Amino acid sequence: MTVPISNLVTNVVIILGLFSKFGESMRFDLTSGHTKCVSEDINHNGMTVGKYGVVNPNEGYPLPDTHKLTVKVTSPYGNSYHQGDHVESGNFAFTAAEAGDYTACFWSPDHNPPATVTVEFEWKTGVVSKDWTKVAKKGQVDMMELELKKLFDTVSSIHEEMFYLRESFEFGVKGGRNARA
């Protein structure tokens, strides 16, 4: 029984997906003069990327000054990994030096009358944080395909050997014994 290489690749991708952490994407409102924080549990040496931006309430016009944010991303021990002052959008990326809850806090300056700022925020950790389209070059894919074919041949050989041993045991060929009654 042979399994097409495409099925093997699909299974590998599914397994990797099950063992990876997923990204978080959200949209929230922030009233001026208030802070909103989001935490993410990240493993030691875990990769993470984040992207945030203020949604313009008047599309086609410049973003009002009341819709600028201060953003800070900190580690469980208070080390700062990103800081943005009076910004409308930004990105961050880092490899976690310590395990634990990393926190991204968004603060909107106080305005009178109060303004509500809508923020779009995406935070990815683990395997999903890597941009695989930039990683997988044709030469690397060809090498991976070759390695997968070798693995497939090894698995097929082991599979065939298991069937041979089972048949040998069932029919009494193994060790010169007679078949079972």
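## Buried residues

A residue is called buried when its relative accessible area is under 20%. By that rule, F92 and F94 are both buried. The model discussed here is a predicted one. In the chain as a whole, which has 181 residues, 27% count as buried. The accessible surface comes to about 12400 Å², and carbon and sulfur atoms account for 58% of that surface.

## Overall make-up

The chain contains 3 helices and 8 strands. Followed along the sequence, these elements give the pattern α-β-β-β-β-β-β-β-β-α-α.

Contacts can also be sorted by how far apart the two residues are in sequence. Of the contacts in the chain with a separation of 6 or more, 72% are between residues 24 or more positions apart.

An open sheet is built from 4 strands in the order 2-7-4-5, with antiparallel pairing. Its edges are strand 2, covering residues 35–42, and strand 5, and each of these pairs on one side only. From one strand to the next, the twist averages 10 degrees.

Inside this order, strand 4 pairs with strand 7, which spans residues 100–107, in the antiparallel sense and over 5 bridges. In this part of the sheet, K72 stands opposite C105 of strand 7.

## The disulfide

A search of the whole structure gives 1 disulfide. The two residues joined are C37 and C105, with an S to S distance of 2.0 Å. This pair links distant parts of the chain, since C37 lies in strand 2 and C105 in strand 7, 68 residues apart. The torsion about the S-S bond of C37 and C105 is about 110 degrees, so the disulfide is right-handed.

How exposed are the two cysteines? C37 has a relative accessible area of 43% and is therefore partly exposed. C105, with a relative accessible area of 22%, is partly exposed as well.

## Aromatic rings

A pair of aromatic rings is described by two values, the distance of the centres and the angle of the planes. In the whole structure, a search finds 10 aromatic pairs. One of them is F28 with F106: the ring centres are 5.4 Å apart and the planes stand at 65 degrees, so the pair is edge-to-face.

A single aromatic cluster takes in F28, Y52, Y81, F92, F94, Y102, F106, F121 and W123.

## A buried serine in a loop

Where does S75 lie in the chain? S75 is in the loop that runs between strand 4 (69–74) and strand 5 (80–87). Its relative accessibility is 4%, and S75 therefore counts as buried.

Which residues does S75 touch, leaving aside its neighbours within four places in sequence? S75 is in contact with Y81, E98, D101 and Y102.

Terms used: Residues are numbered from 1 along each chain as its sequence is written. This is a predicted model: local features need pLDDT of at least 70, side-chain atom pairs count only at pLDDT 80 or more; totals for chains, interfaces and linings use all residues. Side-chain values use heavy atoms; hydrogens and water are left out. Helices (H or I, at least four residues) and strands (E, at least two) are DSSP runs, numbered from the N terminus. Buried means under 20% relative accessible area, exposed over 50%, partly exposed in between (1.4 Å probe, protein chains only). Contact means heavy atoms within 4.5 Å. Two strands pair if DSSP finds at least two bridges between them. Axes are lines fitted to C-alpha atoms, for helices over the stretch in contact, and angles run from 0 to 180 degrees between N-to-C directions. Rings of Phe, Tyr and Trp (its six-membered ring) pair if their centres lie within 6.5 Å; planes under 30 degrees apart count as stacked, over 60 as edge-to-face and the rest as tilted. Accessible areas come from the Shrake-Rupley method with a 1.4 Å probe; for residues, only the protein chains shown count as cover. A disulfide is a pair of cysteine sulfur atoms within 2.5 Å.
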